Amino acid sequence: MNMVKEKQKWLVVANWKMNPVSGKLAKQVFSSVKKVANKMRNVDTVVCPPYIYMENMKTSGHRFVLGAQDLFPVGEGSFTGNISYLQLKNLGVKYSLIGHSEKRNQGETNEAINEKVKAGLKGMITPIICIGEKERDESGEYLKFIKEQISSSLSGLPKTSIKDIVVAYEPVWAIGSTAKREPTTKEIFEVTIFIKKVLSDIYDTKSVPPTKILYGGSVDDKNVEIILKEGGVDGVLVGRASLDPKKFSEILKKVENIKR
Ligand code: PGA
């Protein structure tokens, strides 16, 4: 694969969460998005629907692929209610969100996230590791929190894997309908630089292709351009706006026209 080309493409990830309520609706959103996403030359699009809808969602090529919202780090066995990385791999899933704040809220630990990251890599599923502070503070404690999230999720990972993961910065205070506010692009940029620094402190990142960094939290068709132009990130993770095919298609079209 051509590394330079790969780096230049934007990455847009749709996180449908526990939506929509029927397979019929899911199919409608999926096919509208697929039409637009398949035409994008500068954007790789990943759609992460609930597991139950995946079997009916066919993708082809590299421009538009399926992602999961989570994975279970054991291949098969007696683990009621879980979906394994191997099952996802065999279904053709290429990415998986790992450690989303809504899963962390349900008790998921950095250690569990680390296991899932390793399992994802084993199954050739690119882990999108979600990190982000619950709130900001004047003294910069939130940066320590982010640093700890990154280093524990990557614990024991060889340097050669660093190009195969994606880090999504999602400040919890900026996510969902209860978001306090949107971060400024300066705030996003600072954390992007900080993430790169943490990665280069752990690994000698100069000698390896860069890890992609995404921003997520209240991204929509109105703010996506400025986030990508000024935030220093390689793409976005979109929640609510990804369920509205019109809005999401608009996001893709806008991203397609932003020069890197
Ligand atoms: P939002 O969600 O875009 O609805 O804020 C983002 C996410 O939780 O991944």
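I took a polar contact as a pair of N or O atoms within 3.5 Å; within protein, one atom must be able to donate a hydrogen and the other to accept it, and residues adjacent in sequence count only if both atoms are side-chain atoms.

I noted that this is a predicted model, in which local features need pLDDT of at least 70, side-chain atom pairs count only at pLDDT 80 or more, and totals for chains, interfaces and linings use all residues. Residues are numbered from 1 along each chain as its sequence is written, and side-chain values use heavy atoms, with hydrogens and water left out.

A side-chain N or O atom of Glu 170 is 2.8 Å from a ligand oxygen. From the backbone, an N or O atom of Gly 176 lies 2.8 Å from an oxygen atom of the ligand, and a polar backbone atom of Ser 218 is 2.8 Å from a ligand oxygen. The protein buries 99% of the 290 Å² that the ligand exposes when taken alone (Shrake-Rupley method, 1.4 Å probe).

**Entry 1: barrel.** I read helices (H or I, at least four residues) and strands (E, at least two) as DSSP runs numbered from the N terminus, and took strands as paired where DSSP finds at least two bridges between them. Eight strands close into a barrel in the order β1-β2-β3-β4-β5-β6-β7-β8, with parallel pairing. Strands β2 (residues 43-48) and β3 (residues 64-68) pair in the parallel sense over three bridges. Within β3, Val 65 stands opposite Val 46.

**Entry 2: backbone geometry.** I checked the peptide bond between Asn 19 and Pro 20 and found it cis, with omega about -10 degrees. Pro 20 is in the loop between β1 (10-15) and α2. Met 124, a residue other than glycine, has a positive phi near 60 degrees; I located Met 124 in the loop between α6 (110-122) and β5 (126-131).
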